[in-house]
Amino acid sequence: MKNNKLFKRLLIIFLALVVVACVVVPIPYYIEEPGETIDLKELITVNNQKDNDKGSFSLTSVGIRRATVFSALKAKTEPFHEIISMDELTGGASDDEYMQIQEFNMETSQNFAIEQALKLANKSYEMDYKGVYVLGVEDNSNFAGKISVGDTVTKADGKSFTSSEEFMKYVKAQKVGQKMTVTYIHDDKVKEATEKLIKLPTDKKPGIGITLTDHTEIDSQDEVKIDAGDIGGPSAGLMFTLEIYEQLSDKDLRQGKKIAGTGTINSDGEVGRIGGIDKKVASAAASGNQIFFAPNDEITKEMKKAQPGIKSNYEEAKAAAKKLKTDMKIVPVKTVQDALDYLAKMK
C-alpha cells in the first residue's frame with residue numbers, strides 16, 4: 001500500500017513537471033502571429049516637427065516568439081498563426097547575424113524611403129557612400145572569425161572606394177592566394193585584418209569571401225528622423241515613404257483616413273514583396289484601418305515552378321481580408337506612385 005501511494009505521488013509530480021515543461025520550456029521553433037500596427041506619427045519627425053494632421057499612415061508587423069509545446073499546439077488552432085523552424089526564420093544565420101541583417105535591412109529601408117520622399121517633394125539631397133556592408137561570410141574565407149556580419153568594410157590595401165562595384169573590381173584584379181589588408185568597422189571601432197584571397201566558386205576570381213552590399217546614408221538639408229526602436233527588416237519602406245512625403249510636402253494625403261500597409265521600397269520607388277502579409281492584414285484590420293496597401297508583385301514562371309501554390313502579396317492580402325470579413329479595402333501597388341495616385345483619387 002505504501003509503495004502504491006509513493007508511486008502515485010511520484011507519478012503526479014512527474015506529470016506536473018511534464019505539464020510545466022510543456023508550458024515554459026522553449027523548443028527550437030518559433031510562432032509567427034499578427035504583430036503591432038504602429039502609427040508612423042509616433043516614429044517620424046521632419047525638421048523637428050511632428051505630423052499633427054488627422055488620419056494615419058501605419059506600418060504593420062509580424063510578431064515572432066519562441067514556441068513551447070503548449071504554445072505550438074495552441075497556435076495550430078488559431079487563425080493567422082504559423083509555426084516555423086529556426087532555419088526558416090534565420091536562413092541558417094546565427095541569432096546575432098540574423099539581428100545584424102534585420103537592423104541593416106531596416107536602415108536601408110529608411111534610407112530608400114527618405115530618398116524617395118525627397119525626390120517626390122523635389123528636395124535636394126546626396127547619397128553618401130559609407131563602405132561595403134557585410135551580409136555574410138563564407139566558411140572557407142580566410143577572413144572568417146575576423147570580419148563579421150554587420151561590419152562595414154571601408155578600405156582594401158589602404159584604398160577607399162565609392163561603391164561596392166568599384167571595391168569588387170579592385171579585389172578581383174588581384175591574385176588568388178595574394179594577401180590583402182582590409183580595413184573595417186566593427187562595433188564602431190576601426191580594425192584591420194590581413195589574409196589571403198580565396199578563389200570564388202561563382203566566377204573563379206579572387207575574393208575575400210563575403211556577401212556584400214552598399215552601405216549608404218542620406219545627406220540633406222531636410223532632417224528626417226525615424227525612431228523604429230527594435231523593429232527590424234525592410235517591409236516598412238513604402239509606409240515610411242508616404243509618411244515622410246506627407247510631412248515634407250505639407251499635403252493632406254490621407255484626408256483623415258486610417259491607412260496601413262506594407263512593402264519594401266528601392267531607389268527606383270518600386271514596392272517589393274514581403275513575408276507574413278496575412279498576419280499584417282489581420283493586425284491592420286484589428287486596429288481599425290480603412291485602407292491597406294499591398295505589394296502587387298509579379299509571380300514568375302520560375303517562382304511557380306519552385307512553389308506551385310505561390311500567390312502575389314496582393315492576392316494573399318485579399319484572401320486574408322475575406323477570411324476576416326473586414327471592410328478594410330485592400331489596394332494593390334507596384335510603386336509608391338501607385339499609392340499616391342490612389343490617395344489623390346480617394347473620396
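**The core and the surface**

Mentor: In the largest nonpolar core there are 38 residues, and those with the most contacts inside it are Ile 44, Leu 238, Phe 240, Leu 242, Ile 244, Phe 293 and Leu 343. A nonpolar core is a set of buried Ala, Val, Leu, Ile, Met, Phe, Trp, Tyr and Cys residues joined through side-chain atoms within 4.5 Å, where buried means under 20% relative accessible area, exposed over 50%, and partly exposed in between (1.4 Å probe, protein chains only).

Trainee: Which element gives the largest share of this core?
Mentor: That is H6, with 7 residues. Helices (H or I, at least four residues) are DSSP runs, numbered from the N terminus.

Trainee: And how is all this counted?
Mentor: This is a predicted model: local features need pLDDT of at least 70, side-chain atom pairs count only at pLDDT 80 or more, and totals for chains, interfaces and linings use all residues. Residues are numbered from 1 along each chain as its sequence is written, and side-chain values use heavy atoms, with hydrogens and water left out.

Trainee: What is Ile 244 in contact with, leaving aside neighbours within four places in sequence?
Mentor: Its partners are Ile 44, Val 46, Ala 113, Ile 114, Ala 117, Val 224 and Ile 226, with contact meaning heavy atoms within 4.5 Å.

Trainee: New topic: is Val 24 buried or exposed?
Mentor: Val 24 counts as exposed because its relative accessibility is 54%. Val 24 lies in helix H1.

Trainee: What comes just after H4?
Mentor: There Asn 122 takes a positive phi of about 55°.

Methods. Helix = DSSP H or I, 4+ residues; strand = E, 2+ residues; numbered from the N terminus.
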